[in-house]
Structure formats: C-alpha cells, structure tokens
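I opened a new notebook page for this chain.

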Amino acid sequence: MSNATESPLKVSLERDGKLLRLTLARPKANIVDAAMIGALRAALTEHLPKPNLRAVLLSAEGPHFSFGASVDEHMPGCFAQMLNQLHALVRQLVESPVPVLVAVRGQCLGGGLEVAAAGNFLFAAPGAMFGQPEIKLAVFAPAASCLLPERIGQAQAEDLLFSGRSISADEALRIGLLTAIAEDPDQAALDYFDQHLATVSASTLRLAVRAARAKVVQRISKKIDFVEKMYVEELMSTHDAVEGLTAFTEKRPAQWQDR
C-alpha cells in the first residue's frame, strides 16, 4: 500500500528531456481523485512549456490503469469542485502542445478513461478493458461525453455512454479508441516516440499539433462548459443521481424513482 503522504504520481523527464513520463502510482485502483488530479495538473503546468519537450507518456503502476474517479468526491457538497478540477486536467491534456501517449493495462474505467481519452495515442495490453460505467450509478460521464464522439464517432460513443458496458482491447482497437495493442504497451509507446517523434523539430511539432487539433480543441472545450453546467445544475438535483452514488458507497442496490 502506498503511504497517503506520498505523491500519487511519479514524474520523470526521459530521452534527454524530450519525453515527460507521468505514472499513476496508487495501485491497484489508481483512483483519479483530487490528489491525483492536482499532481497531474502541476506536472503538466511545469513541464509542457519546455521548448525541447516532444511528447508526454501517461502510464500507471500495477495491474490496472485506473478504476476511475473517487465516488466519495462526487457526492453532494463536493462534486462541483471535483468536476471543475477534473475538467481543467482534461483541458490541459486536450490542449497539450505536444502529443500525449497513453499506455493502458487492465481496467481503464470512468474518470480513468476520460483522462486516457484526452490523450492522442493509446497503446493497450491485450487484456485491457475500457468503459464508462457512470450510467449504472445514475450519473453521466461529462468529459467522456465530449471526448468519445470526437475519438470514435457519435454512435460508438453513445453505445458506451448509454449502456455503461466495458469493451475489450480488441473492440477498442476496432472502433478507433486505440492506436495499437501490445504485450508491453509502455514499450510500444516508447517505440512510437523513438521512431516518430524523438527526431523531429520540437518547435515545428508544436505548430503541427496546433494546426491539426485547433477545431477539435474548440469543440471539446465549449462542450465541456455545457455538460459541466448540466451535471451541476440539473443532474445532481435529481433523486436518482444522489441515490445511485449513495447506494454505491453504502454497497446496496439502488432504488430508482425515475426523477
């Protein structure tokens, strides 16, 4: 078990400072809680401006990438601040001036998938599983509602968002969520970096990223504002959203009233 005082994130500069490596370090769940979000935001804020940086590699310790966000932090009274900070992190990743590579093993769920889907290229182990199970708790996934339609198309995104089902790495590759499946996804991401990004001009790469992603970034940012407001002002005023979260924390079946 990690000591609660330890940072939930390992940060290192590799490849002569050309690659920023961020490793979620609270296995096995690697919960995307306020501490994890804060550590990720701080690392990105510090290192993304460095002119020789060419990419970020986001990975995780342990058998799973992340079980998702902290349900306790999504309860009434604290969810608005949590959501705001998570969305600020998603924006940082989406607006990153350099490509973000993500290496996934095991479960990649909920807020964990939202963080991963904010990257550019996802590499996954054969047994990895991906899902947005929020609907099963009577809430929806705000950031994923913005990210997944851009990544995998509207119909595929709606399937995951409305059903809450998890999909295998094979299906994730087929629908375009993944770049590749590899026994060692961290190494696959490093190989991609070494072969395709390490030797290009960092200044030109930043311009290429801006040029390619300008409209995508605008759409996602505008929609995040919309869905965050909906979540805060509409969803969390319903009986069922509070009941679903409460039932989960109390480990009991939820009782829906459809209101």
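**Sheet, helices and salt bridges**

I started with a pair of strands: strand S6 (residues 121-124) and S9 run parallel to each other, joined over 2 bridges. The model is a predicted one, which I note here at the start. For a residue-level view I looked up Phe123, and its bridge partner in S9 is Ala180.

Next I traced the sheet as a whole. It is an open sheet of 6 strands with mixed pairing, and I read the order as S1-S2-S3-S4-S6-S9. Which strands are at the edge? They are strand S1 (9-14) and strand S9 (180-181), each pairing on one side only.

Then I turned to the helices that touch this sheet. Helix H1 (residues 34-47) packs on it and touches S1, strand S2 (19-24) and strand S3 (55-60). I noted an angle of about 175° between the direction of H1 and that of S2. Helix H7 (residues 185-197) lies across S1, S2, S3, strand S4 (100-104) and S6. For H7 the angle I wrote down is about 155°, taken to S4.

I moved on to the salt bridges. How many are there? The count comes to 14 salt bridges, and I looked up a few of the pairs.

Glu14 forms one with Arg21, and the closest N and O atoms are 3.6 Å apart. Is Arg21 buried or exposed? Arg21 counts as buried, because its relative accessibility of 16% is under the 20% cut-off. Glu14 has a relative accessible area of 21%, so I list Glu14 as partly exposed.

Arg219 forms a salt bridge with Glu150, with the closest N and O atoms 2.8 Å apart. This pair links distant parts of the chain: Arg219 is in helix H8 (residues 202-233) and Glu150 in helix H4 (residues 142-152), 69 residues apart. Arg219 is partly exposed, with a relative accessible area of 44%. Glu150 counts as partly exposed at 32% relative accessibility.

The side chains of Glu250 and Arg252 also meet in a salt bridge, at 2.7 Å from N to O. I have Glu250 down as partly exposed at 48% relative accessibility, and Arg252 as partly exposed with a relative accessible area of 31%.

My last entry is on shared partners. Salt bridges that share partners join Glu14, Arg21, Arg105, Asp184 and Asp186 into one network.

How values were computed:
Residues numbered from 1 in each chain as written. Predicted model: local features only at pLDDT ≥ 70, side-chain atom pairs only at ≥ 80, totals over all residues. Heavy atoms only, no water. Pairing = 2+ DSSP bridges. Helix = DSSP H or I, 4+ residues; strand = E, 2+ residues; numbered from the N terminus. Contact = heavy atoms within 4.5 Å. Axes fitted to C-alpha atoms, helices over the stretch in contact; angles between N-to-C directions. Salt bridge = Lys/Arg side-chain N within 4 Å of Asp/Glu carboxyl O. Buried < 20%, exposed > 50% of the residue type's maximum accessible area, 1.4 Å probe, protein only.
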